[in-house]
Amino acid sequence: MKLNAGIITEKLAESKAFYTETLGFGVTFENEFYLLLHTPGRTAEISFLLPDHPTQQPLFRSAFGGQGVYLTIEVENVDELYEAVKAKGVPIKIDLRDEPWGDRHFAIVDPNGVGIDIVTYSGTAQ
């Protein structure tokens, strides 16, 4: 089984720029109403779909409201990515920190309002 999270949004171009330029994602596929991106190691994908597109069933037409969704991206070296993201001027919403259970992480927000927790797991919470 493989999971591909999808976000229905008007912000296809902004999402593409954010994920490719900030996090190093690649483009798997895109057309005028759909964008599929993959993580640098091609281990996961995320998609973006224009709202109210006539090719889609009603279930997949309403735009995401910008709250209540987050993504966790596990990386080998969170400190390195933190410095790279910060150097690009991306606002850091939760500064780099160590949690009592062993995770080291920071958080940013994508153009759609999705919180992104970037973490290196070093404890038992994997």
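The face of helix 2 turned away from its buried side carries Glu80, Glu83 and Ala87, which are exposed (over 50% relative accessible area; buried is under 20% and partly exposed in between, with a 1.4 Å probe and protein chains only). The model is predicted, with pLDDT of at least 70 needed for local features and 80 or more for side-chain atom pairs, while totals for chains, interfaces and linings use all residues. Residues are numbered from 1 along each chain as its sequence is written, and side-chain values use heavy atoms, leaving out hydrogens and water.

Helix 2 spans residues 78–87, and its buried residues are Val78, Leu81, Tyr82 and Val85. Seen down the helix axis, these fall within an arc of 105 degrees, so they line one face of helix 2; the arc is taken over directions from the axis to the C-beta atoms. An α-helix has 3.6 residues a turn, so residues three or four places apart point the same way. The cover over this buried face includes helix 1 (12–23), strand 6 (94–98), strand 7 (104–109) and strand 8 (115–120). Helices (H or I, at least four residues) and strands (E, at least two) are DSSP runs numbered from the N terminus.

At the start of helix 2, a side-chain oxygen of Asn77 comes to within 3.2 Å of the backbone nitrogen of Asp79. Just after the helix, Gly89 has a positive phi of about 80 degrees.

Strand 7 contains His105, which counts as buried because its relative accessibility is 9%. Residues touched by His105 (heavy atoms within 4.5 Å) include Val78, Leu96 and Ile118.

Terms used
Polar contact = N/O pair within 3.5 Å; in protein donor to acceptor, adjacent residues only side chain to side chain.
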